[in-house]
Amino acid sequence: MTQLIATDLSFHYADTQSLFTGINFQLHSGQIHCILGPNGVGKSTLLNCLAGVYRPTAGTVTLNGHSLRRLSPAQRSRKIAYVPQMSSERTPVTFSLRDYVLLGRAPHLSLLAAPTAKDRSRAEALLARFNLSSCAQQSYAAVSGGQQQLASIVRALLQEPELIIFDEPTSALDVANQVRVLKLIQKLAQTGYGIVLTTHDPNQALLLNDQVSTLAQNGQWQSGPAAKILTSSHLSDVYQLPLNVVTLPATQQKTCIVDQTVFRRFS
Ligand SMILES: Nc1ncnc2c1ncn2[C@@H]1O[C@H](COP(=O)(O)OP(=O)(O)OP(=O)(O)O)[C@@H](O)[C@H]1O
């Protein structure tokens, strides 16, 4: 069982006030942890701390009891894959999409070693699964934002980590691909991966129905099972907007809606 534990995490960028203080977070194999919160509160910053990219201003992050900061980047990459947020700017990566996803194998290869035939065949299977085969030869920079996002996910899977940290993994995707990625996340967790993701859609967290944390203005942090955290009153507090979590009569599925009356009055 792999465990990522963050204790009393605080972070501020140079010369700015703290984004968050005293955050406690746990993720273990088989678990999905969704993080929600308004724009700019520090979700990506927190993920960077959890991935070992940023050093927290205070607090610790441990992986199976060992400080994340003490692991080399290659050791970390064999355990944790980090899929950063998509940028709307065109990326300067000049690799083909195929070569880009194969970079995921780097932590498992010695310096200058080429991916093996098995690596390549797994890459082809994953590219096909996400309908990327036909553009695999194209430059990564030239494919669409959604195709780049799917390729980043394929790259993380090829890394064969134990935990995956996704920053808004569906932000550039059409609704079918959103569902495809959410289902993949659920299946990955069922096969033992620990997954943490940020999302701006409470309905994704309701669908995944596992652990949820909210980071609100002034660094307010609350964690618990989805059913406890994803309530109308808590989400309305977090987003400072009246939101309704309703139960659909036909399926008893919970869904988060903006009521028409709220929308009409919104200014
Ligand atoms: N490298 C940086 N240097 C200084 N400030 C930064 C840096 N990166 C982010 N910030 C600031 O920190 C705050 C939190 O940013 P972050 O990207 O973590 O928020 P977020 O919750 O992920 O936002 P969003 O939902 O919009 O993606 C923002 O005010 C941002 O401008």
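A residue is called buried if 20 or more other C-beta atoms lie within 10 Å of its own, exposed if 12 or fewer do, and partly exposed in between. The legends below use these words throughout, and the structure they describe is a predicted model.

**View 1. Glutamate 160, in the loop between H5 and E7.** Glutamate 160 has 16 other C-beta atoms within 10 Å, and it is therefore partly exposed. Its place is just after H5, and its phi is near 45°, a positive value in a residue other than glycine.

**View 2. Glutamate 168, in the loop between E7 and H6.** Glutamate 168 also takes a positive phi, of about 45°, although it is not a glycine. Because 20 C-beta neighbours lie inside 10 Å of it, glutamate 168 counts as buried.

View 3. H5 has 14 residues, and from its first C-alpha to its last it reaches 20 Å, close to the 20 Å expected at 1.5 Å a residue. Twelve of those 14 residues are buried, so H5 is largely enclosed by the rest of the structure. Among the buried residues are Gln147, Leu150, Ile153, Val154, Arg155 and Leu158.

**View 4. The largest nonpolar core.** This core has 66 residues, and those with the most contacts inside it are Leu50, Val101, Val154, Ile164 and Ile165. Helix H5 (residues 145–158) gives the most to this core, with seven residues. The core draws at least three residues from each of domain 1 (3–230) and domain 2 (231–267). In soluble globular proteins, nonpolar side chains tend to be buried together. Isoleucine 164 can be followed in detail: if residues up to four places away in sequence are not counted, it touches Ala81, Val83, Ala156, Leu188, Tyr193 and Ile195.

**View 5. Strand E3 and its two parallel partners, E8 and E9.** Five of the five residues of strand E3 (residues 32–36) are buried, so this strand is largely enclosed by the rest of the structure. Both of its faces are covered, with Ile32, Cys34 and Leu36 buried on one side and His33 and Ile35 buried on the other. Four bridges join E3 to strand E8 (residues 194–198), and the two strands run parallel; in E8, valine 196 is the bridge partner of histidine 33. E3 also pairs with strand E9 (residues 211–215) in the parallel sense, over four bridges, and in E9 the bridge partner of isoleucine 35 is serine 213.

**View 6. An open sheet of four strands.** The strands of this sheet have the order E2-E1-E4-E5, and their pairing is antiparallel. Strand E2 (20–28) and strand E5 (66–67) stand at the edges, and because each has a single partner strand, one side of each is left without a neighbour in the sheet. Strand E1 (residues 3–11) and strand E4 (residues 58–63) are joined in the antiparallel sense by five bridges, and alanine 6 has valine 61 in E4 as its bridge partner.

**View 7. Where domain 1 and domain 2 meet.** The protein chain is divided into domain 1 (3–230) and domain 2 (231–267), and 27 Å separate the centres of the two domains, taken over C-alpha atoms. The contact takes ten residues from domain 1 and nine residues from domain 2. On the side of domain 1 that touches domain 2, the largest share, three residues, comes from helix H7 (residues 202–208). The residues on that side of domain 1 divide into seven nonpolar, three polar and no charged.

**View 8. Threonine 214, in strand E9.** Threonine 214 has 25 C-beta neighbours inside 10 Å and therefore counts as buried. Leaving aside neighbours within four places in sequence, threonine 214 is in contact with Leu36, Gly37, Gln222, Ile229, His234 and Val238. Threonine 214 and histidine 234 are 20 residues apart in sequence, and their C-alpha atoms are 9.1 Å apart in space.

**View 9. Asparagine 209, in the loop between H7 and E9.** Asparagine 209 counts as partly exposed, because it has 16 C-beta neighbours inside 10 Å. Asparagine 209 and alanine 106 are 103 residues apart in sequence and 33 Å apart in space, C-alpha to C-alpha.

Key
Residues numbered from 1 in each chain as written. Predicted model: local features only at pLDDT ≥ 70, side-chain atom pairs only at ≥ 80, totals over all residues. Core = buried A, V, L, I, M, F, W, Y, C linked by C-beta atoms within 7 Å. Domains from an automatic or database assignment. Contact = placed C-beta atoms within 7 Å. Nonpolar A, V, L, I, M, F, W, Y, C, P; charged D, E, K, R; others polar. Expected span 1.5 Å × (residues − 1). Pairing = 2+ DSSP bridges.
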